[in-house]
Amino acid sequence: MTATGETISYKFLIVATGARALKLEEFGVTGSDAENVCYLRDLADATRLVNVMQSSKDGNAVVIGGGYIGMECAASLVINNINVTMVFPEAHCMGRLFTPKIASYYEEFYQSKGVKFIKGTVLTSFDLNSDGKVTAVNLRDGSKLPADMVVIGIGIRANTSLFEGQLTLEKGGIKVNGKMQSSNTSVYAVGDVAAFPVKVFGETRRLEHVDSARKSARHAVAAIMQPETTGEFDYLPFFYSRVFTLSWQFYGDNVGEAVHFGDFTGKTFGAYWINKGHLIGSFLEGGTKEEYEAIAKITRLKPEIQDLSELEKQGLGFALTESEKLSLPPTSPVPAASSSSLVVAEKPLHPWHAAAGVILAASVAAFAYWYGKKRRRW
């Protein structure tokens, strides 16, 4: 039923309500409505952020949060001649994905561009002027940071309130099956709001990343239009970022033991994650198209790893070599053994991960368009 009381009939409904940004008020901090406090969740947020950024040239920005939004925005602020301080409670940036060693590389790179990091503390309050603008940020450790603008990136929450009591909810989202159908089989959910079965873990998860949002939406449409020929959603987790002259990609899951490889003083390095004897996650900075494709392929194939020290020694070469040996379609069975002493191929991985949501996709795309026009080589 609409706001005017009209009833809308439909045969199928795709829910792509995405997720909303967590607000400071949910953590007991007031002031998020100040003119120079910015979030990044929708197109209006992106437009506002750009406007505030342009009015803060040569000023000071405080970025609250050390995740994806925080890191991407910090890079853009620096490029636009704004002094940046990042504040987050974790021990290092990108705590949900990066290992301490990987995080150290990016933090040092950001510091070389002038970014300051204050870790292990949180925002407690703002100082406001007579116009209601933030002039300083107060932290729990007693620090006071001057601020011409503040960017908040402290997490999201799926927009499910409209469906409470109507659809089955799980993991903070709308529970769906492998065809993205909810408990009402005429209603499909995609993106941040969808909690779908992840085969590799044997459980339902709600994932956050724009790549998954796009692909889950495509799968839902296919399931509606061609239900007899559309199988279950088979998604390889994919997360990426491109800032300054850096470019990294991650596939799979980052649980288990991390095996780092490459030159962490140079431009190309990475890591594999080994859990219960299998390679289930891969990360690469500074790779070529072929190298990124190789780490994606071996992550999907889920090879058994017998020697971690040998894997570290082979590094990226392992992915390049084994992806050639195990070059099979993602859903096809793989031979039970390999001639390599390091790996035994098994059934393909049906991975998990991320969906930033359809709404976030639009806002980040708009911000990225503007950011891309400003970006220059460093």
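This is a predicted model: local features need pLDDT of at least 70, side-chain atom pairs count only at pLDDT 80 or more; totals for chains, interfaces and linings use all residues.
Setting aside neighbours within four places in sequence, G120 is in contact with F88, P89 and E90. The residue is found in the loop between β6, residues 116-119, and β7, residues 123-128. F88 is 32 residues away along the chain, yet the two C-alpha atoms are separated by 6.3 Å. Is G120 buried or exposed? G120 is exposed, because its relative accessible area is 56% and the cut-off for exposed is over 50%.

The phi of M94 is near 50°, a positive value in a residue other than glycine. Most residues other than glycine have a negative phi. M94 is buried, with a relative accessible area of 7%. M180 is another case: its phi is near 70°, again positive and again not a glycine. M180 sits in the loop between β13 and β14, the latter being residues 187-189. With a relative accessible area of 0%, M180 is buried.

How many of the 12 residues of α2 are buried? The number is 11, so α2 is largely enclosed by the rest of the structure. Among the buried ones are I69, G70, M71, E72 and C73. Just after α2, N81 takes a positive phi of about 60°.

Next, α3, residues 100-112. Its 13 residues should span 18 Å at 1.5 Å a residue, and the end C-alpha atoms are 18 Å apart, which agrees. The buried positions in α3 are I102, A103, Y105, Y106, E107, F109 and Y110. Just after α3 comes G114, with a positive phi of about 105°.

That leads to the packing. In soluble globular proteins, nonpolar side chains tend to be buried together. Here the largest nonpolar core has 46 residues, and F98 and Y106 have the most contacts inside it. Which helix gives the largest share of this core? Helix α2, residues 68-79, does, with eight residues. Leaving out neighbours within four places in sequence, Y106 is in contact with M71, F98, L246, W248, F269, F283 and E285. There is also a second, separate core of 42 residues, which includes V15, V210, Y240 and I295.

The axes of α5, residues 289-301, and α7, residues 316-325, come within 8 Å and cross at roughly 75°. That makes the two helices roughly perpendicular.

Four strands form an open sheet with mixed pairing, in the order β12-β13-β15-β16. β12, residues 169-170, and β16, residues 203-206, stand at the edges with a single partner strand each, so one side of each is left without a neighbour in the sheet. β12 and β13, residues 173-175, run antiparallel and are joined by two bridges. In β13, I174 is the bridge partner of L169.

Technical notes: Residues are numbered from 1 along each chain as its sequence is written. Side-chain values use heavy atoms; hydrogens and water are left out. The expected span of a helix is 1.5 Å times one less than its number of residues. Buried means under 20% relative accessible area, exposed over 50%, partly exposed in between (1.4 Å probe, protein chains only). Two strands pair if DSSP finds at least two bridges between them. A nonpolar core is a set of buried Ala, Val, Leu, Ile, Met, Phe, Trp, Tyr and Cys residues joined through side-chain atoms within 4.5 Å. Contact means heavy atoms within 4.5 Å. Axes are lines fitted to C-alpha atoms, for helices over the stretch in contact, and angles run from 0 to 180 degrees between N-to-C directions. Angles under 35 degrees count as roughly parallel, over 145 as roughly antiparallel, 65 to 115 as roughly perpendicular and the rest as oblique.
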